Amino acid sequence: MKLVVVESPAKARTIGRILGADYSIKATLGHVRDLPRSELGIDIANDFAPRYVIIKQRKKAISELKKSANDASAIYLATDPDREGEAISWHLVEAIKLNNSKVPIHRVVFHEITKEAVEKAFHHPRSIDVNLVNAQQARRLLDRLVGYKLSPLLWRKVQRGLSAGRVQSAALRIIVDREREIQNFVSTEYWTIEAELAKSLTKAEKTKFRALLMGLANGTKLEILNQEEAKKIEGDLRKAGYVVKKVTIKAVARQPAPPFITSTLQQEAWRKLHFTAQRTMIIAQQLYEGIALGDEGSVGLITYMRTDSTHVAASAIAETRAFITGKYGARFLPSQPRSFRKRGKWAQEAHEAIRPTRIHREPDQVRSYLKTEQLKLYELIWKRMVASQMAAVSLDTTTVEIEAKCPESQNEYLLRTASSVVKFPGFITLYSEGKDEDGEEEKTLSLPELKVGDKLVLLGLFPGQHFTQPPPRYNEATLIKALEQKGIGRPSTYAPILSTIQERGYVYKDNGKLCPDEIGLVVNDLLTQHFPKIVDLDFTAQLEEELDEIARGEKGWVPVLKDFYTPFEKILSQASEKIERVNMTKPTDEICPDCGRPMVLKVGRFGKFLACSGYPDCKKTMAFVVKTGASCPQCGKELVERMTKKKRVFYGCSGYPQCKFAINRKPIPQPCPQCGKLLVVYRNGWVKCTVCEYKDKLDKLEKVGAAA
C-alpha cells in the first residue's frame, strides 16, 4: 500500500476518489510541529537553531502516521503547493523520522484537485524543496523573535496580555496613520455650479441636460470658495449666451479584469458579498479541497487559493473560450486568447490564478450541493474567470465643451458635460468588477445630438455647497489593497493579519470600517517611537523580499535573521530602560455603588472595564459601556455599544437580558423626522430610518436638531 499524506480529511476524500484502492490517504489535520508556546524556542547563540515540539493535538495523528509509514511501500507528501505546505511536509518527515526509513519519500505538488492534475503530479514527483522550507522557517522565527521579545516589554510598560507582531504592527501603523490623517484634516468649503441647458425651448423636456462649470474659457480654473463668490458667478451665467464650442466623440474599449489572485478575491468578496478575508479563505479552502457532488463524489471545484499570479493554463483558456462561444456566441469572444502574465512587483509564487477546475461546471449545476456561502464565492470565481476571456465592452464617449459669454461683465466661462453609450456590452453581460466605497462612481448621462456652434437655452442654475472630505477609513478590501501595494505580507498572510489585529483588540470595526482602539494607538505610538524599523513599511516590505530570496535559494536564512536581530536586540535593551510606564487608567463620571468614590476606566485582558478608584480598599468592578443616547424602540431604555466574542461592534439595549433588542448599525439620538422611529448611520455620513424609507445626511439632521 502506498501512503499519501495531506492536511485535511476533505482533501483526503477527494484525492482518495481519484487515486483508488492502491493508495491509503491520511490527514495531518494541519501543522504537526511548532516552536514551544512556553518559551522562545530559538537558540540565538547557535545560529538561531529552532527547537520544535510536536503539537499536543497532533500526537495521535503522528502516532497513526508512523504506523502507516512503517507498512507503506512508498510515501507521497501531498500538502498544499506553497511554502507553508512545503514546511508541513518537512516537519512531518522530521516528526516521524522518515529520513531514517528505507521507504522512498516523494513530494507531489498540484494546484487543483482534479484527476488530470493529481495523476500528473504523481507521475512527476520531486523531493522536498529545502529553500521553500527555509523561507517559511525564517518567517516563523522572525515572528517569534519579535513577538516573544517585544510582548513582555508591552506587559511591563502598558498592560498584561498585549502582544506585538512583525507584520501585524506594520498593518496597525497603516490604520493609525489614516486615523490621525482624518483627525488632523481641516475641511474647506467650496462650491460647484451646474447649468441645465437645452437645444430649444419647445423640446426642452426631451433635450435638457446638465453641464458643470469648469472655469474660464481661456483655461483658467475657477475656485469658488464661498456663497458670495458663487452668487456673483451665478449672476453672470444667468445673463450669458451658451454655445457649443467643442464636441469630442471617442470609441473606447474597456477590458475585463484578470482572474482572481488571493488579494483581489478577498477584496471582491468583501465588496460584493461582505465576507471577511478570513471567511473568504475558509470557504475557498473548502471549494479547493473538494465538495461532494452526488454520484460524482468529492470534487475540487477551484484551483489553489493562495497565489499572486494571474497566469492561467492554456488548456483552461481553451475550455473557457469554447464555453463562451457556445453560451454567448462568437461576438463575445475576442480574436485572440487573453493573457494575464504580468506579475505584481512583490509576486512570489509561480502558481496559476484562482479559477474553476472546469468552466462547464456552471454555478447552477452545483447549486444543490453547495452551502449558500460556498455557492456565492464559487459563482464569483466562475464569473470572473469566464469574463476575463470575453470580448471587451465597446463604448462611445461624448465630451461636450460649452462656452458661456456674459455681455455685461465680458466674462467668458467654460462648462463641460460628458456621456457614455454602450455599443456592445461584452463581458459586462456576465460580470462587472466591484468598486471600493471611496472609488469614483460612474455616471451615465444622456445627451441630445450636439454639434459645434449650436446655441443652447439656459433652463436653470444649480449651485452646490461642498466641503472637502478626509480620506476614508480602511475597510478589509482597501487595507488588503494597501498591504499588497506596499509589499507587506503575502497571499497566505493577508487574512491572518486582519484577524490578529482585531482579536488583540488593537482595531475594531465600526460599520465595516477599521478603527484603531485606544490601546492600538498606544501600542503603535510606543513601537513607532522606540522600534521604528518594526513598523516601518519600507523595512517590512524589504524583509518580505529577503524571504522571497531565501525561497529562490539566493540567500541563506541564518544571515537574514542575524541582520535583523543584531540591531533589534540593541534597541530592545535601550527601550527597556527608556520607556516609562503608560497609565491607561482614565477618570469617569460613574460613581462606585459600594463606597461612593469615583470609578475609573481600566483596560484588562478582556477589554475595558470600570474599577473603583478606592482600590484596594474597595474592589468593586463593573462592565464598561459606551452610551449612544438613542432609546431602545422596544422598551425605551438607552442603547449601548457592545462587542461580540469575535470583537465585532453592535448595539444593544442596556436593559439586557430582559430586553434583547440589538442592531448592527450605530443608532443616533435623534428620532426619524417622518415617523419618530429609530435612525441609524448606514454609510458615508448618511442616516436612515429602521422603519420607514427616510434617508438624509447626518450633518444636515444635526443642524436641524440644533436649530430646534
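Trainee: Leaving aside its neighbours within four places in sequence, with which residues is Ser419 in contact?

Mentor: Please note that this is a predicted model. Ser419 belongs to strand β15, which covers residues 412-424. When neighbours within four places in sequence are set aside, the contacts of Ser419 are Asp396, Thr397, Thr398, Leu445 and Leu447.

Trainee: Is Ser419 buried or exposed?

Mentor: A residue counts as buried when its relative accessible area is under 20%. The relative accessible area of Ser419 is 7%, so Ser419 is buried.

Trainee: How many bridges join β14 to β15?

Mentor: Strands of a sheet pair through backbone hydrogen bonds, either parallel or antiparallel. Here β14 and β15 run antiparallel, and Val400 stands opposite Thr417 in β15. The two strands form a hairpin with 6 residues between them, and Gln410 in the turn has a positive phi of about 65°. The number of bridges joining β14 to β15 is 12.

Trainee: In what order do the 6 strands close into a barrel?

Mentor: The pairing in this barrel is antiparallel, and its neighbouring strands are turned by 35° against each other on average, direction ignored. For instance, 13 bridges join β11 to β14, while 4 bridges join β9 to β10. The order is β9-β10-β15-β14-β11-β16.

Trainee: Which helix lies across β9, β10, β11, β14, β15 and β16?

Mentor: The helix in question spans residues 227-239 and runs at about 15° to β9. The element lying across these strands is helix α8.

Terms used:
Residues numbered from 1 in each chain as written. Predicted model: local features only at pLDDT ≥ 70, side-chain atom pairs only at ≥ 80, totals over all residues. Heavy atoms only, no water. Buried < 20%, exposed > 50% of the residue type's maximum accessible area, 1.4 Å probe, protein only. Contact = heavy atoms within 4.5 Å. Pairing = 2+ DSSP bridges. Axes fitted to C-alpha atoms, helices over the stretch in contact; angles between N-to-C directions.
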